[in-house]
Amino acid sequence: MKAFVYQGPGKSAVEERPTPDIIAPTDAIVRVTRTTICGTDLHILKGDVPSCQPGRILGHEGVGQIEAVGSAVQSFKVGTRVLISCITSCGRCHYCRRGMFSHCTTGGWILGNTIDGCQAEFVRIPYADTSLYPIPAGLDEEALVMLSDILPTGFECGVLNGKVEPGNTVAIVGSGPIGLAALLTAQFYSPARIIMIDLDDNRLEVARQFGATDTINSSDGHAMEAVMALTDGRGVDTAIEAVGIPATFELCEGLIAPGGTIANIGVHGTKVELHLERLWDRNITITTRLVDTVSTPMLLNLLTSQKVNAKRLITHRFKFGQILEAYETFAHAAKSGALKVIIEA
Ligand SMILES: NC(=O)c1ccc[n+]([C@@H]2O[C@H](COP(=O)([O-])OP(=O)(O)OC[C@H]3O[C@@H](n4cnc5c(N)ncnc54)[C@H](O)[C@@H]3O)[C@@H](O)[C@H]2O)c1
Ligand SMILES: [Zn+2]
Ligand SMILES: [Zn+2]
């Protein structure tokens, strides 16, 4: 089969690989029909994610059809159409029993990281019963790809952890696919104001179409003053960090109102300064989270009843043979205007 393989920092290629086999009785093999590229895949290609070693097939998002199941798999049969989750969970360990699937002791984020992922014709999914979701009849499979990672991530790490409430003021720093997923799902709670901050005017324009009440281009270095002007000098109740660099987390520290919550989503590779000398008396909360995908069943319901339009995040479509072009397009989003790119088998 053809697969997109990380070959070490700055190096990747489409390689011919053997089709994966069932290893454990709880495994399933899925024929991938649609996949996509995540900001995290770009981090891996740069060498930022040491757990992902050269030779790894990338990809942790997609939909497909069951090709084979191990003897212990009970919920899926050959031919069932399934949603692949970025998080693999055994359902039994200490963390799984607490609903913290991202920290499953033998799973978590392993796909396209410590085991081969789904940017390939086939993928092996461990713990299929507790990691895959059957696709409800009639659902748009392209839109569903947004449920493998970005919608649960924006919702759980940003909106739930950030305690977005009716009438509150929210700032989301970063208007990439994850920030936009937080913007879409924050609206479940009717905050009065959602301020999106980014350097890219095109993405801010998309954010306005997705429901942002205010947008700020922070390239002039005055985002904090702009937010204070919009909030009578108070700052925001929820600040969601959706970039993953020190400057944007520190901006969240500056934007937060007394009693507010900073919800970090970004993957950080370098040290960030925590300004406790300014924050110690402001009654704030800081949260971090790796997506657990506990909200996937709820998001599936909302997608089915068309309460959330995930398809709006898709800007480009490619065939698997064009995956290198898909990576180029996604990596140069400022030029291409790309949000999520769909790669079809
Ligand atoms: N916590 C989790 O479980 C989890 C899961 C998935 C992704 N992530 C992380 O979430 C982050 C966002 O992902 P994405 O796919 O949207 O990434 P992305 O790179 O597509 O988007 C980031 C956005 O931030 C903007 N940006 C960059 N520097 C900025 C600055 N100084 N000020 C304001 N905006 C700035 C960019 O213009 C871009 O629009 C990444 O760090 C990703 O690795 C975390
Ligand atoms: Zn991802
Ligand atoms: Zn577990």
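**Ground rules**

I work with a predicted model, where local features need pLDDT of at least 70, side-chain atom pairs count only at pLDDT 80 or more, and totals for chains, interfaces and linings use all residues. Residues are numbered from 1 along each chain as its sequence is written, chains are lettered from A and ligands numbered from 1 in the order in which they are written, and side-chain values use heavy atoms, with hydrogens and water left out.

**Entry: zinc ion (ligand 3)**

I started with the metals. For donors I took N, O and S atoms within 2.8 Å of the metal (3.2 Å for Na, K and Ca); water is not among the atoms, so sites may look incomplete. Which residues coordinate the zinc ion (ligand 3)? I found the SG atoms of Cys-90, Cys-93, Cys-96 and Cys-104, at 2.3 to 2.4 Å. Along the chain, these donors follow the spacing C-x2-C-x2-C-x7-C.

I then looked up the geometry. The angles among the 4 donor atoms run from 103 to 117°, and the site is tetrahedral.

For exposure I used relative accessible area: buried is under 20%, exposed is over 50%, and partly exposed is in between (1.4 Å probe, protein chains only). Cys-96 is buried at 5%, and Cys-104 is buried at 5% too.

**Entry: zinc ion (ligand 2)**

Here I noted Cys-38 (SG), His-60 (NE2) and Asp-149 (OD) as donors, at 1.7 to 2.3 Å. Their spacing along the chain reads C-x21-H-x88-D. Cys-38 sits in the loop between strand 3 and helix 1 (39-46), and Asp-149 in the loop between helix 4 and helix 5 (150-160), so this pair ties together parts 111 residues apart in sequence. Both Cys-38 and Asp-149 are buried. My helices (H or I, at least four residues) and strands (E, at least two) are DSSP runs, numbered from the N terminus.

**Entry: the nonpolar core**

I define a nonpolar core as a set of buried Ala, Val, Leu, Ile, Met, Phe, Trp, Tyr and Cys residues joined through side-chain atoms within 4.5 Å. How many residues does the largest one have? I get 73, and those with the most contacts inside it are Leu-144, Met-146, Leu-180, Leu-183 and Met-196. Helix 6 (residues 177-186) gives the most to this core, with 7 residues.

I followed up on Met-196, with contact meaning heavy atoms within 4.5 Å. Leaving aside residues up to four places away in sequence, Met-196 touches a list of residues including Ile-172, Leu-180, Leu-183, Leu-204, Ala-207 and Ile-216.

**Entry: salt bridges**

Side chains of opposite charge can pair when their charged atoms come close. I count a salt bridge when a side-chain nitrogen of Lys or Arg is within 4 Å of a carboxyl oxygen of Asp or Glu.

- Glu-16 and Lys-2 meet at 2.8 Å, N to O. Glu-16 is in strand 2 (residues 11-16) and Lys-2 in strand 1 (residues 2-8), 14 residues apart. Glu-16 is exposed at 56%, while Lys-2 is partly exposed at 41%.
- Arg-34 and Glu-344 meet at 3.8 Å, N to O. Arg-34 is in strand 3 (residues 28-36) and Glu-344 in strand 16 (residues 340-344), so the pair ties together parts 310 residues apart in sequence. Arg-34 is buried at 19%, and Glu-344 is partly exposed at 23%.
- Lys-311 and Asp-140 meet at 2.7 Å, N to O. Lys-311 is in the loop between helix 11 (296-304) and strand 15 (314-319), and Asp-140 in the loop between strand 8 (132-134) and helix 4 (141-144), so the pair ties together parts 171 residues apart in sequence. Lys-311 is partly exposed at 33%, as is Asp-140 at 30%.

I also noted that salt bridges with shared partners join Arg-34, Arg-81, Glu-141, Lys-319 and Glu-344 into one network.

**Entry: positive phi**

Tyr-127 is not a glycine, yet its phi is positive, about 45°. I place Tyr-127 in the loop between strand 7 (122-125) and helix 3 (128-131), partly exposed at 23%.

Asp-232, also not a glycine, has a positive phi of about 55°. Asp-232 is in the loop between helix 8 (223-230) and strand 12 (236-241). Is Asp-232 buried or exposed? I have Asp-232 down as exposed, at 67%.

Terms used
Four donors count as tetrahedral if all angles lie between 85 and 135 degrees; four count as square planar and six as octahedral if opposite donors are over 155 degrees apart and all others between 65 and 115; anything else is irregular.
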